[in-house]
Amino acid sequence: MAPKAATITGWPLTTLPLAIANLLIPLSILIFATGFFPYKPFLPGLAEYEVLESGPPPQPPFDKLVFVVIDALRSDFVYAEGSGFEYTQSLIRDGAAIPFTAYARSPTVTMPRLKAITTGSIPSFVDLILNIDEGDKSSALAAQDTWLAQLKAKDTGKVVMYGDDTWLKLFPDFFDRHDGTSSFFVADFTEVDNNVTRHINGELQNDDWSLMVLHYLGVDHIGHKSGPRSSNMVPKQLEMDSIVRTLYDSMSTKKHLESTLLVVCGDHGMNEAGNHGASSPGETSAALLFLSPKLKGISSKYEAPALPKNEFDFYTEVEQSDIVPTVAALLGFPVSKNNLGAFIPEFLPFWSSPKDKIQILVRNARQILNIVTAAFGPELFDVNSSTDPCKLERTGINELACDWRAISQRAVTLNVENTIDQEWLTSTSQWIRKAQDLMSSMASNYDMPRLYAGLGLAGAAFIVAAAATFTHGVLKSQTAFPLVLISFLYGGMMFASSYVEEEHHFWYWAATIWLGFLGAKAIRQSGKVSSGGWYLVALLAVRIIRSWNQTGQKFAGEPDIVKLFVHQYPAALWISIIVMYGITWAQMLPNLEGIPFIAATSITSVLISSAFTFKLAFTAADAPELVVGFAKTLNDKFEGQSLLWRARVVFIVLGLLSAFAFIRGASGGARARSATRLLHELLTILAMTQSRAANVPLFLLAHIVYCAIDARQMTLAEITTSSILFQHTSFFAAGGSNAISSVDLSSAYNGIAGFNVVAVGILTFVSNWAGPLYWMSATTVLLLDKYRAGQRGVFQQHVALLTVFATASAAFVMAACTAMRTHLFIWTVFSPKYLYAMAWNIAQHLLVNIGLSGALYWLGTR
C-alpha cells in the first residue's frame with residue numbers, strides 16, 4: 001500500500017503548481033490577444049473639402065443613393081453563365097450598369113466588411129468576434145467618418161435602412177426609418193428577405209430620403225445551409241434580380257428618382273462549402289455594380305454573361321474600400337478621413353472638364369496622404385523639404401514620397417494648362433494603389449511587449465506543468481512519451497500555413513496510428529491475435545469518420561460521405577440516427593434504478609422522442625431534402641409544436657434528469673456510479689441535439705470506438721492520449737477547421753426566442769465542439785473505471801497531462817503568430833488559428849476537460 005499512500009500524499013505538492021499553470025493559460029492568451037488584435041487608431045471628426053487652387057469641388061451627377069447589399073453575393077452569382085440575374089446582365093450589356101469584382105479582404109464576415117465598405121479603412125480583426133455578439137455596441141461607427149455620415153451631414157434628405165441589423169449596431173440612432181432583421185437565424189432564407197422587400201414600394205413613392213440601404217440575407221443563408229450549388233440558389237438570384245428591376249424601373253420612370261445612383265454589392269463571397277470568413281478566392285470575390293440610366297452616356301458596354309480571368313475575377317477587379325471615394329465623388333461630399341480606397345477611374349467621364357478630373361484624383365490622393373503622414377511624418381512629402389526622398393534608400397515609404405512629388409508637381413502644371421494626360425492619370429491611380437497597399441500592410445499595429453509577455457507566460461505555464469508532472473513521475477512513464485511526441489509535433493506544425501489549414505490530417509493519422517498501436521499492444525500482452533479484433537473494428541470506424549465531412553481549405557466542398565451517400569440515401573441516415581437514440585435510451589434505463597420502471601421508461605421515452613422529433617423537424621426546415629420517405633411521414637405525424645418549444649422540451653427534460661442524477665449521485669455508492677453513466681448519456685443527447693442530422697451518425701461511430709478500447713489494458717497516460725486524439729478527430733470530422741468559415745451557427749438559437757450572448761455562446765460552442773464534449777464525458781467514465789480498480793489519483797494525473805498538452809499548444813501557437821506576424825497569411829491563417837486556440841484552451845480545456853469533467857469525476861467517486 002506504500003505506493004498508493006505516496007500517490008495520495010504526493011499530489012497536494014503538485015496541485016498548486018498545476019493550478020498556477022492552468023490560471024496562466026487564460027491570462028497569457030488574453031494578454032497576447034490584446035497585443036495581437038489591438039484596436040487601430042483612427043482620425044476623428046468628419047472630413048471637409050480642402051481649398052484647392054483648382055477651384056470648388058466638381059458638381060456631382062447624382063443626388064440620391066440606393067445601396068443594396070446582398071450578403072455573400074459572389075461575383076459568379078451575377079456575372080456567370082446560368083446566373084439568375086438575367087435582367088441585371090441585360091443592363092450590363094446596355095451600358096446602364098458598370099460591373100466589377102470587389103476584393104474583400106479577410107476576415108470575410110459581415111461586420112468587418114461593412115466597416116471597409118463605409119469607412120474605406122482596414123477593419124480590426126477583433127470585429128470578427130464582435131460580429132457574433134448582437135448586443136455589442138463597442139464596434140459602432142457613430143464616432144467615425146463614413147460616407148453615410150457625410151451624406152447625412154449634407155442634409156439633402158432622410159436616411160433609411162431595411163435588412164441586416166448589423167447596420168443598426170454600426171450606426172445606432174442614425175437612421176430616420178429602419179427595420180432590422182437578425183443575420184444569425186440561418187435556417188430562414190425567405191421571410192428574412194421578404195421583410196426587406198415589403199418596404200421598397202412605399203419608399204420609392206417617398207421623395208424625402210437621400211439614402212436607402214437594403215441588406216438581403218437569403219443568399220448567405222442558402223450558402224450556409226446547402227452551399228453555392230443549392231437548388232435554392234438560382235431561384236433566390238431570380239428574386240434578387242427582380243429587386244434590381246423594381247429599383248431600376250422606378251429610377252427610369254419617376255421624376256424624383258432620375259438622379260439616383262443604385263449600387264448593388266456583396267459584402268463577401270463564399271467557398272464551395274457555402275461558408276465564409278477566410279481568404280479563398282470564392283470568399284474574397286464579391287460582385288459590385290453601379291447602375292443608373294445616366295451611365296449609358298459614359299459606359300463602355302460589357303458582355304454579359306462573361307468569363308472570369310481567373311476563377312472568380314470578372315471584369316475589372318477593385319478593392320471593396322474603393323466604394324467610399326467613388327460614392328463620395330458621385331454624390332458630392334468629402335472622402336472619409338480614414339479611407340484607403342481609390343476612386344474608380346471608369347467614372348471620370350462624368351466630368352468633361354480636365355480640372356474636375358484632376359481635382360477628384362488629387363483630393364483622393366491628398367486624403368490618403370494625410371493618413372500616410374500621420375503614420376510616417378510629413379517631412380518626406382513636403383516639396384519644400386531639403387530631404388529628397390528620390391535620393392534615399394529605395395524603401396516603400398521613400399518611393400511613395402518620391403512619386404508624390406512628381407505627380408503633385410505635374411498636377412499643378414496640368415491645372416494651369418487646363419488639360420490632362422493619360423500618363424498622369426495612370427501615375428496618380430498607381431500612387432493611390434501603392435499608398436493603399438503600404439497602409440494596408442501596416443494595418444496591424446502589434447504591441448510587441450504584450451506579445452512577448454503573453455508568450456512568456458504561456459512558456460512559463462508549460463514549464464510549471466511539465467515540472468510538476470515530471471516530479472510526480474507521470475511524465476517519466478514510457479506510456480506518456482506518445483503524448484509528449486504529439487505535443488511537439490503539433491506545435492511544430494503551427495509554423496507552416498498549409499499544415500494549419502490542413503490540420504485535420506495530423507489528427508486523423510495520429511488517431512489511426514494510435515489505435516494500431518493499442519491493438520498491437522493488446523495482441524502482445526495476451527498472445528492472441530483475436531485480442532486485436534475490436535481495435536480493427538475501431539480502425540474501420542475511424543476510417544469512416546475521417547471521410548464523413550471534407551474539411552480544411554484545399555479540398556473544402558469536395559465529395560465526402562455526407563455528399564455522396566447521406567444525401568443520396570437519407571433513409572440510411574435516419575436509420576442510423578434511430579439506432580444511436582435507441583442505444584442511448586437503452587443505456588439510460590439501467591442507470592435509473594431505484595425509481596419505478598414505468599416512471600423511468602416514461603421520462604426517458606419523453607426525452608428520446610422529443611429529441612428525435614426535434615431533430616426531424618429541425619432538419620425539415622434546415623435541409624428538407626433529407627426528410628423524405630418514412631422520415632417525412634413521421635415528421636408529418638408529429639407536426640404542430642414550434643421548433644422553439646420542441647427544443648425547450650428537450651432542454652427541460654435534460655435539465656430535470658441531470659438534477660436527478662446529481663442529487664442521487666451525491667449520496668454515494670452504486671448510485672454515484674449510475675449517476676455518472678446517466679450524465680454521460682444525457683451529454684450525448686445534448687451533443688446530438690446541437691449537431692446537424694447528417695453528423696449524428698458520427699456519435700454512433702464514436703460509440704463503437706469507445707466500446708472497442710479497453711480501459712483495463714490502458715495506462716492513465718494512454719487514456720489521456722486517447723482523449724486528446726479523439727476529441728480533435730471528432731471536431732474536424734464534424735466539419736470543423738481552423739477557418740472562421742467553418743463555424744456552424746445553425747443550432748445557436750435552439751430553444752431561444754431572441755439573442756442572448758451567454759446562451760447563444762454556449763449553444764454555439766456545444767454545436768461546434770459536440771464531438772469533443774462526448775469524448776470528455778466518455779473519458780471521465782474510463783477514469784472512474786480506473787478509480788474503482790484502486791487507482792485513486794487518476795483524475796489529477798489526467799489533468800496534469802492535459803495541462804502539459806494545453807500549455808505546450810498555446811505556447812507554440814503564440815510563438816508561430818509572433819514569428820509569422822509579417823507573413824502574407826497572418827490574418828487569413830494564423831490569426832483564425834489563434835482564435836481557435838483560445839476556444840480549445842479556455843473553453844474546452846479549462847471549462848470542459850477540467851471543470852465539467854471534474855464535476856462528473858467528483859460525483860462518481862462519492
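I count a salt bridge as a side-chain nitrogen of Lys or Arg within 4 Å of a carboxyl oxygen of Asp or Glu. I call a residue buried under 20% relative accessible area, exposed over 50% and partly exposed in between (1.4 Å probe, protein chains only). Lys and Arg count as positive, Asp and Glu as negative; His and the chain ends are not counted.

**Ground rules.** I worked on a predicted model, where local features need pLDDT of at least 70, side-chain atom pairs count only at pLDDT 80 or more, and totals for chains, interfaces and linings use all residues. Residues are numbered from 1 along each chain as its sequence is written, and side-chain values use heavy atoms, with hydrogens and water left out.

**Entry: K357.** I looked up this lysine in helix α14, residues 354-376. Helices are DSSP runs of H or I with at least four residues, strands are runs of E with at least two, and both are numbered from the N terminus. K357 is buried yet has no salt bridge. Where is the nearest side chain of opposite charge? That is D356, 9.3 Å away. I then listed contacts, meaning heavy atoms within 4.5 Å. Leaving out residues up to four places away in sequence, K357 touches L348, W351 and I420.

**Entry: helix α4.** I checked residues 110-119 next. Here 10 of the 10 residues are buried, so helix α4 is largely enclosed by the rest of the structure. The buried set includes the charged residues R113 and K115, and also T110, M111 and P112. Just after α4, G120 takes a positive phi of about 80°.

Entry: Most residues other than glycine have a negative phi, and most peptide bonds are trans. I looked for departures. D155 has a phi near 60°, positive although the residue is not a glycine. D155 sits in the loop between α6 (147-154) and β3 (158-164). Is D155 buried or exposed? D155 counts as exposed, because its relative accessibility is 64%.

Y315 also has a positive phi without being a glycine, at about 55°. Y315 lies in the loop between β7 and β8. At 13% relative accessibility, Y315 counts as buried.

P305 is in the loop between β7 and β8 (316-319). A cis peptide bond joins A304 to P305, with omega about 0°.

**Entry: F290.** I found this phenylalanine in strand β7, residues 285-291. F290 has a relative accessible area of 0%, so it is buried.

**Entry: whole protein.** I noted 33 helices and 8 strands. The C-alpha trace spans about 100 × 70 × 45 Å along its principal axes. The radius of gyration is taken over C-alpha atoms, and the globule rule is 2.2 Å times the number of residues to the power 0.38. For 862 residues a compact globule would come out near 29 Å; the protein has 30 Å, which agrees.

Buried residues make up 59% of the 862. Among contacts between residues at least 6 apart in sequence, 78% join residues at least 24 apart. Accessible areas come from the Shrake-Rupley method with a 1.4 Å probe; for residues, only the protein chains shown count as cover. The total is about 33,100 Å², and 61% of that belongs to carbon and sulfur atoms.
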